[in-house]
Amino acid sequence: MPALANACAAGDNPLARKIEASLAPWMHAAVIESNPLPAKAALKMLGKFEENSRMPLAPMLESHRSLVRAALVHAAALSA
């Protein structure tokens, strides 16, 4: 996100569009279930966090977990 803000502030629209495109799948995945489940799942996939959910939240659906993983892969592939 800082790179996106910096590109916008610098008026570098092509770079800002590229960064936004790489983040778009994550922006969708981040709200696929009740917050903070997608964020916790993503952090666990990145090895940064031990995922746990407490009531009233239930574990995230496996199909949504796949969407989060795909969004992370997409963001990494386009930012490389």
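This is a predicted model: local features need pLDDT of at least 70, side-chain atom pairs count only at pLDDT 80 or more; totals for chains, interfaces and linings use all residues.
I looked up Met1, which sits in the segment before H1. Helices here are DSSP runs (H or I, at least four residues) and strands are E runs of at least two, numbered from the N terminus. Met1 counts as exposed at 62% relative accessibility. My cut-offs: buried is under 20% relative accessible area, exposed is over 50%, and partly exposed lies in between (1.4 Å probe, protein chains only).

Ground rules. I number residues from 1 along each chain as its sequence is written, and side-chain values use heavy atoms, with hydrogens and water left out.

Overall layout. I count 4 helices and 0 strands in the chain. The order from the N terminus is α-α-α-α. The C-alpha trace spans about 45 × 20 × 20 Å along its principal axes. Of the 80 residues, 25% are buried. I took contact as heavy atoms within 4.5 Å. Among contacts between residues at least 6 apart in sequence, 42% join residues at least 24 apart.

Surface and charge. I used Shrake-Rupley areas with a 1.4 Å probe; for residues, only the protein chains shown count as cover. The accessible surface is about 5,400 Å², and carbon and sulfur atoms hold 64% of that. For charges I took Lys and Arg as positive and Asp and Glu as negative, without His or the chain ends. Each charge was placed at NZ of Lys, CZ of Arg, CG of Asp or CD of Glu. The mean positions of the 8 positive and 6 negative charges lie 4 Å apart.

Salt bridge. My rule is a side-chain nitrogen of Lys or Arg within 4 Å of a carboxyl oxygen of Asp or Glu. The count comes to 1 salt bridge. Glu62 and Arg65 form it through their side chains, at 3.7 Å, N to O. Both belong to helix H4 (residues 62-79), 3 residues apart, so about one helical turn separates them. An α-helix has 3.6 residues a turn, so residues three or four places apart point the same way. Glu62 is exposed at 51% relative accessible area. Arg65, by contrast, is buried at 15%.

Ala3 belongs to helix H1 (residues 2-9). I find Ala3 partly exposed, at 42% relative accessible area. Leu15 belongs to helix H2 (residues 13-29). Leu15 is also partly exposed, at 37%. The C-alpha atoms of Ala3 and Leu15 are 9.1 Å apart, with 12 residues of chain separation. From Leu15 to Leu37, 22 residues along, the C-alpha separation is 30 Å.

Helix H3. I listed the buried residues of H3 (residues 37-45): Leu37, Pro38, Lys40, Ala41 and Ala42. Gly47 follows H3 and has a positive phi, near 75 degrees.

Cores. I defined a nonpolar core as buried Ala, Val, Leu, Ile, Met, Phe, Trp, Tyr and Cys residues joined through side-chain atoms within 4.5 Å. The largest has 8 residues: Ala29, Leu37, Ala41, Ala42, Met60, Val68, Ala71 and Leu72. H3 and H4 each supply at least two residues of this core. Another core, of 5 residues, lies apart from it and includes Leu4, Ala7, Ile19 and Leu23. In soluble globular proteins, nonpolar side chains tend to be buried together. I then checked Ala29, leaving out residues up to four places away in sequence; Ala29 touches Pro38, Leu67, Val68 and Ala71.
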